[in-house]
Amino acid sequence: MIPKFGSETALLLIDVQKGVNALTHWGGPTGRRNNPDAEAEMARLLETWRTAGLPVMFTQHDSREAASPLKLSLQTGEMIDGFEPRDSDIVIQKDVNSGFVGTNLELRMRQLGVSRLVIVGFFTNFCVETTTRMSGNMGYDTYLVPDACATTNRVGPDGMDYDPDLVHAMSVASLHGEFCTAITPDQAIALTKADAPDLERAQGNE
């Protein structure tokens, strides 16, 4: 059983910024991404959390890399329309993949009494994965919603162009059952209303 998500459960939206769609930067000349419905699923979850009065947290990436479109000084660093944080939301600015490294995310979670995270955002295999791994390692009850995440193709050192669906799927497969429990958007929404006796918490590494 997975217990109901209450005030101890924050929705963490990772890097929902316009620059994630600068696809040639991330995937090269064949740049493309998976899951075009990711933003819609994130928006559903965001509305659910806000309506329920549960904690909402955002990370914003401010890259150290000169060519990155994810810089807060650029238009591409702005939040995707509809994901502008509210005054009541926690906003964490970071310059590496993990939302925990060099930030006060853990402190803010402790201050709010947050011990459980539901993680969504960009990119599945970069900042989402790194933050999820650290969340699990740090002992937080961690949930990933893959349908509310997305990534791009990746070109390997051998020149192989790996499809974004494959990159996404392998990242989720590596995380689920070890660092987190992967659930669907509908399951996450239902958990804000009641326990889920039919779901099994799969997080290991504890």
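User: Which residues form one aromatic cluster?

Analyst: W26, F122, F123 and F126 form the cluster. The model is a predicted one.

User: Why is the pair of F123 and F126 called edge-to-face?

Analyst: The ring centres of F123 and F126 are 6.3 Å apart, with 80 degrees between the planes. Centres within 6.5 Å make a pair, and an angle over 60 degrees makes it edge-to-face, so both labels apply.

User: How many aromatic pairs does the rule give, and why is the pair of F100 and Y140 stacked?

Analyst: The count is six aromatic pairs. For F100 and Y140 the centres are 6.2 Å apart and the planes meet at 10 degrees, so the pair is stacked; the cut-off for stacking is under 30 degrees. F100 is in the loop between β3 and α3 and Y140 in the loop between α4 and β5, so the pair ties together parts 40 residues apart in sequence. F100 has a relative accessible area of 8% and is buried. Y140 is buried as well, with a relative accessible area of 8%.

User: What makes T131 buried, and where does it lie?

Analyst: T131 lies in helix α4, residues 124-137. Its relative accessibility is 0%, so T131 counts as buried. Other buried residues of α4 include T124, C127, V128 and S135. Just after α4, G139 has a positive phi of about 95 degrees.

User: What is T131 in contact with, leaving aside neighbours within four places in sequence?

Analyst: The contacts of T131 are L12, I14, N97, S98, G99, F100 and I119, with neighbours within four places in sequence left aside. As for N97, its backbone oxygen lies 3.5 Å from a polar atom of the T131 side chain.

User: How many salt bridges does the structure hold, and what makes K18 and D81 one of them?

Analyst: There are 15 salt bridges in the structure. The side chains of K18 and D81 meet at 3.9 Å, N to O. The cut-off is within 4 Å, so the pair qualifies. K18 sits in the loop between β1 and α1 and D81 in the loop between β2 and β3, 63 residues apart, so this pair links distant parts of the chain. K18 is partly exposed, because its relative accessibility is 33%; D81, at 59%, counts as exposed, the limit being over 50%.

User: Why are E41 and R44 separated by about one helical turn?

Analyst: E41 and R44 are three residues apart in helix α2 (residues 38-52), which means a separation of about one helical turn. An α-helix has 3.6 residues a turn, so residues three or four places apart point the same way. E41 forms a salt bridge with R44, the closest N and O atoms being 3.0 Å apart. With a relative accessible area of 36%, R44 is partly exposed.

User: How do you know that R50 and D89 form a salt bridge, and are they buried or exposed?

Analyst: Their side chains meet at 2.6 Å, N to O, and this is within 4 Å, so the pair counts. R50 in helix α2 and D89 in the loop between β2 and β3 are 39 residues apart, and the pair links distant parts of the chain. R50 counts as buried because its relative accessibility is 18%, while D89 is buried with a relative accessible area of 9%.

User: Which residues are linked in a network of salt bridges?

Analyst: The network links E8, R116, D141 and R201.

User: Which residues of the largest nonpolar core touch the most other members?

Analyst: In this core of 33 residues they are F5, L13, M42, L45 and F83. The largest share, five residues, comes from α2. A second, separate core has 21 residues, including F100, L105, L117 and L144.

Conventions. Residues numbered from 1 in each chain as written. Predicted model: local features only at pLDDT ≥ 70, side-chain atom pairs only at ≥ 80, totals over all residues. Heavy atoms only, no water. Helix = DSSP H or I, 4+ residues; strand = E, 2+ residues; numbered from the N terminus. Buried < 20%, exposed > 50% of the residue type's maximum accessible area, 1.4 Å probe, protein only. Polar contact = N/O pair within 3.5 Å; in protein donor to acceptor, adjacent residues only side chain to side chain. Contact = heavy atoms within 4.5 Å. Core = buried A, V, L, I, M, F, W, Y, C linked by side-chain atoms within 4.5 Å.
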